Amino acid sequence: MKQNIIKKIILLNLFILFWSLMYAQNAGYMGKHLFLKYNNYTNLYFPKTNNATVDYPFPMRHNFGMECIIHPNIVLGGFYTMGKTNFRRNDDIGIIDSQGGEIALKFFPNTYAPIGYYSRIGFEFSTSEWSIMPYYSENKIKGDFSNYVASVEFGKSGIFFNRFTYTLGAQYGLRMNLTSFSKKKSDSIYPQTRMFYHHLWSMHFGIGVLLF
Amino acid sequence: MKSYSVLKISILIALLFAFKWALAQTPMDSYQPLKPSGEMPKVFKTHFFNRFEQREKELKEEFNEKHTDFALQSSYYFDLLLQSGRLIYGSPLNKYVDNIANEILKYQPELHNKISFYILRVPYVNAFALDPGIILVTTGLLAKIENDAQLAFILCHEMIHIIKKHNIDLYLTKRKLKKEQNPKFESNIDTRIYKYHFRSRENENEADKLGMEMLLSKTDFEVNISDGIFHVLKYGHMPFAEKEGFIKQFETELYAFPKRVLLEKILPPIIKEDENDTLSTHPNIEVRTIALKQTAAPFAREDRKLFYTNVQDFKNMQQLARFEMIHYQLLNHEYVESIYNAWVMLEEFPENRFLQLAMATSLYGIAKYKTNGYASEIILPYREQEGEMQMLTYFFQRLNRLEMPILAMKFAWNLSQQIKSDYLRNIIIDLASEIKSQNIKLNDFSNQKNISNVSLEELFKGDAKSKFKNDQVYLSFAFANLLDSPDFIEVFNQAECVKKDDIDILQKRKSKKVSHEPIHKIITFNPYYVKIDQRRKQSVRIMTTQKKEIQLKNDIVKMSEKLKLDNKIYTSHQFTDGNTQYYSDFSLLSDWFTEFINVNNNFEMHYYQNQYMDDFKQRNSTKYLNLIGFYSHVSKTFTKEGMREAKSKLVRANIPMLIYTLFTPDYSTSYQQLLVDMETGKIIQGNSAYSSDNSRSDFMNSNMYHSLNQLIKPK
C-alpha cells in the first residue's frame with residue numbers, strides 16, 4: 001500500500017515538473033517556478049480519559065512536496081503527507097498513523113504568486129492504520145481505512161532572502177467518507193471520527209526553497 | 001572698369017544681405033530648451049549620502065552638534081531639485097548670473113569659493129539660498145527683472161542669507177520654539193508660528209539691509225532699484241507686458257467674433273502693497289521698499305549704472321529666459337498664459353518660429369480640452385485674472401467647442417504655409433478630426449472672401465442648410481481662402497482616417513490584455529521609492545527612501561540583465577559619474593514627463609515636447625519609456641480608520657486580530673509601472689499593485705520582474 005502511494009506521489013510530482021516547464025513562459029518569482037516545500041498542519045487534541053494520556057496533544061500532519069507557479073496568480077502543488085494522532089475509545093487512547101498524497105491549487109487574487117494572501121483548495125487521499133490497547137485486554141486491536149479529504153485554506157505567504165518561501169494559514173478540511181455518521185457502528189468508527197475532526201481545522205506553517 | 005563697379009555693387013549687396021541675415025538671425029530664432037553644458041559641478045556629482053555626511057561633519061565642527069535633521073533635510077531638498085532635472089549649469093543664463101556674481105564678489109575671493117550659483121528652470125519669480133552655499137535663480141525671475149542691478153541686489157540678498165547662516169538660524173528657532181513649554185501663556189501653536197515668522201522677517205530685513213550695503217559698497221550698480229525689484233517680485237505672476245489687441249489678430253473682414261465672447265470692461269491689476277505680514281515669512285513690500293531706500297541713500301553717486309556691460313547683453317539674456325518660461329508654460333498646459341506671452345514677444349520677433357509654434361500649440365491645447373469637455377482644467381475663472389489676461393480668459397471661456405478648434409485650425413494652417421513642421425501638420429489633422437467629429441463638413445464653410453456690399457444677414461438669408469446659426473454664422477468664413485486649396489482639402493479629408501485609427505486604439509486600450517509586440521529595448525526614467533511615516537514629524541523617511549531607491553535601481557539592472565532586456569536607466573543616483581550628456585538627457589526626459597503628467601488621460605493629444613526628443617530617441621534607439629516606483633506608507637496606530645477596522649473585528653469576535661490591529665501601525669505599499677510610447681504619449685502597458693504590508697522586498701521584486709517580463713513576453 002505504502003509503495004503504491006509513493007508511486008502516485010512520484011507521478012504527481014513529475015506531472016508538476018512537466019507543468020512547470022510548460023508554463024515557464026510566465027514569470028514566476030524572479031523567473032523561478034518550482035519550489036520544494038515542507039508544510040506542517042497542527043491542531044489540538046486533549047481528550048479526557050481516566051486510564052491513559054495522549055501522546056500527541058498537538059497532532060501534526062507533515063507534508064513534503066513540490067509547488068509550481070502555473071499562472072501569475074496560481075500555484076499547483078503535489079505532496080506526500082504523513083502524520084500521527086491519537087483517538088479515544090471510551091477511556092482508552094489509540095494511535096492513528098496516516099500516509100497519503102495531496103494535490104492543491106493556491107490562488108493569489110491580488111498579487112503575483114507566491115506572495116501575499118491566498119486561498120487554497122486541496123484534495124487529499126490517505127490511508128490510516130490505527131491500533132488501540134483496550135484496558136480489558138492484552139491484545140491490540142488494529143485496523144485501517146482510507147480518507148478522502150477536501151480542504152480550503154486561507155493564509156499568507158512570502159519570500160525571504162530571494163530563495164526561501166514561508167506560508168502561514170488556517171485550513172478547514174472535510175473528510176468526505178463520513179463513516180462516523182453512518183448507523184453501522186464498528187471498531188473503526190472511533191479512529192475515523194477522530195480523523196474527521198483531525199482534518200476539520202488546522203494551523204498551517206510551511207517553509208520551502210526555490211529550485212528553478 | 002565697368003566690371004569692377006559691378007563687382008563692387010555685388011559685394012555691397014552681398015554684405016547688405018549678410019548684415020540683414022545677421023540681424024534676422026537672433027539667438028532666439030534657433031531656440032532650444034536650456035541644457036546643461038560643460039563640466040558637472042562637484043555638488044551635482046556628490047551623492048546624497050556623501051553630501052549629508054560632509055554637512056553633518058561641518059555642522060559638528062561649527063556648532064559642536066551634528067544637527068542631523070537639518071543636514072538631512074537640506075541635503076534631501078537639494079536632491080529633490082536634482083531629481084526634477086530643472087537645475088542647470090553652464091548655460092548662457094548661468095554665464096550671465098555668474099558674471100553678475102563675479103562683479104559683486106571680485107574683491108571677496110574667499111566668499112566666492114564658498115558660494116555657487118545655478119539656474120532653476122521654473123516660471124516662478126524667485127531666488128533662494130540653500131545650505132551650505134548654493135544660490136538658485138529661477139528662469140521666471142530672469143525673465144522679469146528689468147536690469148542687471150536688480151539681479152545683483154537679489155544675489156547680494158541671498159548671499160547675506162548664506163553668510164549669516166539664516167537657514168540654520170530658522171531651524172534652530174523652530175527647534176527652540178518646539179521645546180518651549182509654557183502652558184499658561186505660550187502653549188498654543190499660534191504663538192509659536194508668530195514667533196517663527198517674526199524671526200524669519202527679521203532675517204529678511206537683515207538680508208535686505210546688508211545685501212544692499214554689500215551691493216553698493218562693492219559695485220557701481222545703481223542705487224534707486226528698490227521700487228523695481230519689489231514690483232518684479234510682487235507682479236511676477238503677470239504676463240511679460242500689458243498689450244491690447246490680442247483677439248483682433250485672428251479676425252478678418254468676415255471672420256469676426258461675436259460680442260458674447262468679448263469682455264466689455266477689463267479691471268485693472270489689483271495693487272496690494274501694504275498687506276498685513278504677521279503670518280508671512282517676508283515683510284510687506286511697502287516696509288521693505290522704504291527700508292531699502294533709506295539704506296541705499298548714502299551711497300548715491302552719479303556714475304552708478306543699471307547694466308553690467310550693455311543693455312543688449314541683458315536683453316538677450318532676458319529674452320532667452322522668457323522663451324524658457326513660455327516653454328515651461330506649454331509643458332505645464334498653462335495655455336492661456338503661454339499664448340499671451342508668446343504674442344507679446346512676437347512684437348519683438350515677428351518671424352520667430354518658436355513663438356509662432358507656441359501660439360499654435362496653445363490654441364491646439366485649449367481646443368482639445370474644450371472639445372473634450374475639460375476646459376475648466378486649464379482656463380481659470382476670468383474674474384480671478386488681472387489686466388489683459390482677463391480679456392483673454394473670458395474669450396477662451398466663451399468660445400464654444402466648435403468655435404475653438406476652428407480658430408486653432410485656421411491659425412495652425414496659416415502658420416503651416418510659412419513653417420514646415422510634422423508637429424504642426426499632425427495638430428492640424430487632429431483639429432480637423434475634432435471639427436469633423438461635430439458633424440461639420442467642408443461643405444458647411446463658405447468660400448465668400450469678402451463682404452463686397454453684402455451684409456452677413458443677407459449672405460445667409462434663406463440658407464437653411466447651413467449648420468452655423470445665429471451668432472456662429474461667422475464660422476462659415478473661417479476657411480474662406482482655403483477651400484480652393486487642394487492641400488487643405490486633402491488634410492481635412494485625411495483627418496477622418498486618423499480619427500478612425502484613434503477610435504480603434506482607444507478601443508484596444510479599454511481591453512485589459514496587453515497588446516503590444518515584444519519590446520527588447522526601453523528607457524527607465526527616475527525609478528522612485530518614497531517612504532512616508534505619519535507617526536513622525538518629519539514624515540518622509542529620507543535615509544530609507546534614499547537607500548531603497550539605490551536598491552531599486554540595482555534590482556532593475558539585475559532583472560533586466562536576467563531577462564536580456566536592454567534597459568537604460570536615468571536616475572539621479574547616477575549623477576555621481578559626472579556625465580553632462582547623461583544629465584542633459586535626464587533633464588530632457590524630465591520635461592517630457594512634466595507634459596505627460598499634465599495630459600488629461602481622457603483624451604489623446606500630440607505632445608509639444610516631442611519636437612525636442614528626436615535626437616534623444618535616435619541616440620537611444622527606442623521610443624519606449626518605462627516609469628516605475630513604489631510608495632510606502634506607515635500611519636499611526638490609533639487612526640480613525642484603524643479604530644473603525646478594530647471595531648469591525650470586535651464584532652466578529654476576532655480578538656487576536658483586534659489586538660494586532662490596535663497595537664501595530666498600519667502599513668501599505670503601492671506599486672505603479674507604466675510603459676509609455678514617447679512618440680504618441682500612449683500608455684501601452686500598465687501595472688499596479690497594493691500590499692497592506694511594509695515595503696517587503698519580495699513584493700517589490702515580484703512586481704517589477706513581472707512588469708519587465710511582460711515587455712518581452714506580452715500575452
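The model is predicted. Chain A has two helices and eight strands, while chain B has 26 helices and nine strands.

**Chain A: overall make-up**

- The order of elements in chain A, starting at the N terminus, is α-β-β-β-β-β-β-β-α-β.
- Chain A holds 212 residues, and 51% of them are buried.
- Take the contacts in chain A with a separation of 6 or more: 64% of them link residues 24 or more positions apart.

**Chain B: overall make-up**

- Chain B has 715 residues, of which 53% are buried.
- Of the contacts in chain B between residues at least 6 apart in sequence, 78% connect residues at least 24 apart.

**Helix packing in chain B: α3 and α21**

- Helix α3(B) spans residues 48-63.
- Helix α21(B) spans residues 542-562, and its axis comes within 11 Å of that of α3(B).
- The two axes cross at roughly 150°. Angles over 145 degrees count as roughly antiparallel, so α3(B) is roughly antiparallel to α21(B).
- On the α3(B) side, the contact uses Phe48(B), Phe49(B) and Phe52(B).
- On the α21(B) side, Ile542(B), Met543(B), Gln546(B), Lys547(B) and Ile550(B) take part.
- By class, this contact of α3(B) with α21(B) has six nonpolar residues, one polar and one charged.

**Helix packing in chain B: α8 and α11**

- Helix α8(B) covers residues 148-163 and helix α11(B) covers residues 226-234.
- Their axes come within 10 Å and cross at roughly 80°. An angle from 65 to 115 degrees counts as roughly perpendicular, and α8(B) and α11(B) are therefore roughly perpendicular to each other.
- Gln150(B), Phe153(B) and Ile154(B) are the α8(B) residues in the contact. They meet Gly228(B), Ile229(B) and Val232(B) of α11(B).
- The contact of α8(B) with α11(B) comprises four nonpolar and two polar residues, with no charged ones.

**Buried residues in chain B helices**

- Glu56(B) lies in α3(B). Its relative accessible area is 12%. Buried means under 20%, so Glu56(B) counts as buried.
- Beyond its neighbours within four places in sequence, Glu56(B) contacts Lys66(B), Thr68(B) and Ala71(B).
- Leu177(B) lies in helix α9(B), residues 166-179. With a relative accessible area of 8%, Leu177(B) is buried.
- Leu177(B) and Tyr196(B) are separated by 19 residues in sequence. Their C-alpha atoms are 7.8 Å apart.

**Aromatic rings and charges**

- Over all chains, the structure contains 55 aromatic pairs.
- One of them joins Phe160(A) and Phe161(A), with 5.6 Å between ring centres and 70° between the planes. Planes over 60 degrees apart count as edge-to-face, and this pair is edge-to-face.
- Phe160(A) is partly exposed, at 29% relative accessible area. Phe161(A) is exposed, at 70%.
- In chain A, the charged end of Lys106(A) sits over the ring of Tyr118(A), 4.7 Å from the ring centre.
- In chain B, the charged end of Lys410(B) sits over the ring of Tyr255(B), 4.8 Å from the ring centre.

**Cis peptide bonds**

- Ala113(A) to Pro114(A) is a cis peptide bond, with omega near 0°. Pro114(A) lies in the loop between β4 (92-107) and β5 (116-132) of chain A.
- Asp131(B) to Pro132(B) is a cis peptide bond, with omega near 5°. Pro132(B) lies in the loop between β3 (127-130) and β4 (134-138) of chain B.

**Positive phi in chain B loops**

- Asn64(B) is not a glycine, yet its phi is positive, at about 60°. Asn64(B) lies in the loop between α3 and α4 (68-84) of chain B. Its relative accessibility is 64%, which counts as exposed.
- Lys564(B) is not a glycine, yet its phi is positive, at about 55°. Lys564(B) lies in the loop between α21 and β6 (566-570) of chain B. Its relative accessible area is 72%, so Lys564(B) is exposed.

Note on methods:
Residues numbered from 1 in each chain as written. Chains lettered and ligands numbered in written order. Predicted model: local features only at pLDDT ≥ 70, side-chain atom pairs only at ≥ 80, totals over all residues. Heavy atoms only, no water. Phe/Tyr/Trp six-rings, centres within 6.5 Å; stacked < 30°, edge-to-face > 60°. Buried < 20%, exposed > 50% of the residue type's maximum accessible area, 1.4 Å probe, protein only. Lys NZ or Arg CZ within 6 Å of the ring centre and 35° of its normal. Axes fitted to C-alpha atoms, helices over the stretch in contact; angles between N-to-C directions. Helix = DSSP H or I, 4+ residues; strand = E, 2+ residues; numbered from the N terminus. Parallel < 35°, antiparallel > 145°, perpendicular 65-115°, else oblique. Contact = heavy atoms within 4.5 Å. Nonpolar A, V, L, I, M, F, W, Y, C, P; charged D, E, K, R; others polar.
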